[in-house]
Amino acid sequence: MSPPAIIAPSILSADFAALGKACSDTIDQGASWLHIDIMDGHFVPNMTFGAPVVTKIRPHVKRPSIAHGVGTFDCHMMIAEPKKWVKEFQKAGCDLYCFHYEAAVISTAAENPADHSDSKTSPKEMIRYVHEQKMLAGIAIKPDTPVDVLWDILDNSNKDEVPDMVLVMTVHPGFGGQKFMASELPKVKALRKRYPNLNIEVDGGLSEATIDEAAEAGANVIVAGSAVFGAKDPANVITKLRNAVESRR
């Protein structure tokens with residue numbers, strides 16, 4: 001049996017004029033986590049917000065009492081230098097720091113925003129570093145990245161360097177509201193077959209119309225933005241997304 005369903009609405013689609021209340025309301029409506037999209041205008045062409053906003057919304061949502069628990073802040077770091085920002089987001093209240101594989105293989109080992117380093121980091125080093133900061137670690141891949149780049153990372157005997165979650169992007173990262181890419185679901189199927197207990201997240205174009213495909217492939221962590229925040233009855237949408245996953249475990 002695969003892990004339980006986790007519904008993580010993306011606050012990029014929330015009302016920014018009342019963001020704290022939107023976050024707390026969404027948890028009250030049955031969401032498990034909040035998915036927080038961080039974009040720097042370099043790794044992706046769009047910009048969102050940084051650690052100060054996470055700091056401000058953190059008091060509106062109770063911290064999870066257990067790992068992966070309700071209230072988890074799932075920070076999706078679409079940034080060029082992911083290691084530089086680990087400590088800042090830990091201080092801000094991040095619970096799960098999910099960086100991109102594509103950034104980790106070319107970025108520096110600098111540990112603070114103002115620092116510079118000639119040394120490079122790596123996905124395994126990033127995972128270990130995030131764990132050292134007492135956060136869960138996630139690793140994300142874009143549609144153009146083959147899933148088999150993750151095998152060596154996930155099969156690592158050093159558990160400190162193994163991610164707690166893999167995110168398979170089902171759109172090209174950078175903008176919300178894109179069409180769901182079913183072409184990425186074979187990656188999810190391959191991950192679920194090799195790692196039956198892994199938390200596998202999908203992000204991009206998820207809704208009532210596409211959840212069945214994603215759940216059938218084996219995804220259990222579901223990111224949905226406009227499908228939840230734009231709904232007349234968000235609680236009902238969250239329940240339908242959860243039931244679609246639970247019925248296929």
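This is a predicted model: local features need pLDDT of at least 70, side-chain atom pairs count only at pLDDT 80 or more; totals for chains, interfaces and linings use all residues.
Which strands and which helix each supply at least two residues of the lining of the largest pocket?

1. The pocket. Strand 2, strand 3 (72-78), strand 8 (221-224) and helix 9 (226-229) each contribute at least two lining residues. The lining comprises 27 residues, and those nearest the pocket centre are Gly176, Gly177, Asp203, Gly204 and Gly205. The space in this pocket amounts to about 310 Å³.

2. Asp40. This residue occupies the loop between strand 2 (33-39) and helix 2 (51-57). Asp40 is buried but forms no salt bridge, the nearest side chain of opposite charge being that of Lys142, 9.4 Å away. A polar atom of the Asp40 side chain does lie 2.8 Å from the backbone nitrogen of His42. Beyond four places in sequence, Asp40 touches Asn46, Met47, Met78, Ile79 and Ala80.

3. Ser10. The loop between strand 1 and helix 1 holds Ser10. Its relative accessible area is 6%, and Ser10 is therefore buried, the cut-off being under 20%. Setting aside neighbours within four places in sequence, Ser10 is in contact with His35, Asp37, Val223, Ala224, Gly225 and Phe229. Ser10 and Ala227, 217 residues apart in sequence, have C-alpha atoms 9.5 Å apart.

4. Helix 1. Of the 10 residues in helix 1 (residues 19-28), 7 are buried. They are Leu19, Gly20, Ala22, Cys23, Ser24, Thr26 and Ile27. These buried residues pack against strand 1 (6-9), strand 2, helix 2, helix 9 and helix 10 (234-246). Gly30, just after the helix, adopts a positive phi of about 115 degrees.

5. The Arg63 and Asp95 pair. The structure contains 15 salt bridges. In one of them, the side chains of Arg63 and Asp95 meet at 2.9 Å, N to O. Arg63 lies in the loop between helix 2 and strand 3, and Asp95 in the loop between helix 3 (86-92) and strand 4 (96-100), so the pair ties together parts 32 residues apart in sequence. Arg63 is partly exposed at 42% relative accessibility, whereas Asp95 is buried at 11% relative accessible area.

6. The Lys83 and Glu125 side chains form a salt bridge of 2.4 Å, N to O. This pair links distant parts of the chain, 42 residues apart: Lys83 in the loop between strand 3 and helix 3, and Glu125 in helix 5 (residues 123-132). Lys83 is buried, with a relative accessible area of 4%. Through salt bridges that share partners, Lys83, Lys87, Glu111 and Glu125 are joined into one network.

7. Glu184 and Lys187. A salt bridge of 2.7 Å, N to O, joins these two side chains. Both Glu184 and Lys187 are buried.

How values were computed: Residues are numbered from 1 along each chain as its sequence is written. Side-chain values use heavy atoms; hydrogens and water are left out. Helices (H or I, at least four residues) and strands (E, at least two) are DSSP runs, numbered from the N terminus. Buried means under 20% relative accessible area, exposed over 50%, partly exposed in between (1.4 Å probe, protein chains only). Lys and Arg count as positive and Asp and Glu as negative; His and the chain ends are not counted. A salt bridge is a side-chain nitrogen of Lys or Arg within 4 Å of a carboxyl oxygen of Asp or Glu. A polar contact is a pair of N or O atoms within 3.5 Å; within protein, one must be able to donate a hydrogen and the other to accept it, and residues adjacent in sequence count only if both atoms are side-chain atoms. Contact means heavy atoms within 4.5 Å. On a 1 Å grid over the protein atoms alone, a cavity is a set of points where a 1.4 Å probe fits but cannot get out, and a pocket is an open set with protein on both sides within 12 Å along at least five of seven lines; lining residues have an atom within 4 Å of a point. Grid points are joined across faces, edges and corners, and a volume is the space filled by probe spheres set on the points.
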